[in-house]
Amino acid sequence: MEFQQNSATTAVFGDAATINTPKISSPLYRRNMTPDKRSPGSVCCRICHEDETIEELIDPCECSGTLGLIHTCCLEKWLSMSNTDRCEICKHLFSIQRKNKSLPQSFKQWWRTRNIYGPQGITGDIVCLIVLTPLCIAATYLCAVGASAYSRLGFWEGTGLAILCCMLVTTYCLWLIVTLRFHFKSWQQWRRRNQDVKLIVKHKVRGFSNFQII
């Protein structure tokens with residue numbers, strides 16, 4: 001009976017040890033990990049909460065414990081979206097390189113953005129552009145024809161129609177310039193806030209005392 005209990009206890013603790021043992025395959029990762037980061041419950045990315053199976057876990061900042069490990073792609077995406085270069089917890093300054101997205105890619109992603117930095121009211125402006133452009137052209141043409149005809153007959157109405165034609169064209173051009181400028185500035189602001197970020201230093205530098213001399 002005692003032998004069976006010991007066997008059952010060994011099986012239970014053996015399974016628990018097998019389940020809780022982290023899988024760390026990278027020599028660089030093992031060398032750079034501090035003891036508190038090697039604890040079984042902390043081997044996961046603090047952003048996506050996944051382990052090292054999808055990508056190597058790195059420790060680029062001064063955070064420790066469960067907050068010290070992170071995937072490179074997760075950190076780069078977070079730095080790009082938050083538009084910062086420091087850790088939000090320990091305020092460590094990351095060594096990164098920023099680069100603007102290509103024009104087609106940035107415009108496509110900006111168009112799909114649904115927050116304050118995305119295209120605001122652009123659908124209504126496009127509808128107005130489609131409706132107002134032919135109306136403005138037709139009205140300008142009719143005013144120009146009427147002004148020419150009245151001017152030949154010597155009536156003062158020709159001058160009034162010419163002034164009205166100029167006012168229509170000026171108003172339409174001003175609206176078009178203001179609208180294009182507004183959306184262009186919105187796209188530029190989004191592009192500055194969503195740059196491609198590349199992490200240069202993936203592991204924080206430690207003193208020589210942390211390395212074992214063979």
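Colleague: In this predicted model, how many residues apart are Phe 107 and Trp 111 in helix 4, and how much of a turn is that?

Modeller: Phe 107 and Trp 111 are 4 residues apart within helix 4, which amounts to about one turn of the helix. Phe 107 and Trp 110 also both lie in helix 4, which covers residues 103–112, and they are 3 residues apart, again about one turn.

Colleague: What kind of aromatic pair do Phe 107 and Trp 111 form?

Modeller: In general, rings pair if their centres lie within 6.5 Å, and planes under 30 degrees apart count as stacked, over 60 as edge-to-face and the rest as tilted. Phe 107 and Trp 111 have centres 6.2 Å apart and planes at 35°, so the pair is tilted.

Colleague: How many aromatic pairs are there by this rule?

Modeller: The count comes to 4 aromatic pairs. One of them joins Phe 107 and Trp 110, a tilted pair with 5.6 Å from centre to centre and 45° between the planes. Ring pairs link Phe 107, Trp 110 and Trp 111 into a cluster.

Colleague: Is Trp 110 buried or exposed?

Modeller: The general idea is that buried means under 20% relative accessible area, exposed means over 50%, and partly exposed lies in between. Trp 110 has a relative accessible area of 2%, so Trp 110 is buried, whereas Phe 107 is partly exposed because its relative accessibility is 42%. Trp 111, at 34% relative accessibility, also counts as partly exposed.

Colleague: Where does UniProt place the feature "transmembrane region"?

Modeller: The unreviewed UniProt entry places this feature at residues 126–149 and 161–184. In the model, residues 126–149 are 100% helix, with end C-alpha atoms 35 Å apart, and residues 161–184 are 100% helix, with end C-alpha atoms 35 Å apart.

Notes:
Residues are numbered from 1 along each chain as its sequence is written. This is a predicted model: local features need pLDDT of at least 70, side-chain atom pairs count only at pLDDT 80 or more; totals for chains, interfaces and linings use all residues. Side-chain values use heavy atoms; hydrogens and water are left out. UniProt positions are given in the numbering used here, feature names are shortened, and annotations may be inferred rather than shown by experiment. Helices (H or I, at least four residues) and strands (E, at least two) are DSSP runs, numbered from the N terminus. Rings of Phe, Tyr and Trp (its six-membered ring) pair if their centres lie within 6.5 Å; planes under 30 degrees apart count as stacked, over 60 as edge-to-face and the rest as tilted. Buried means under 20% relative accessible area, exposed over 50%, partly exposed in between (1.4 Å probe, protein chains only).
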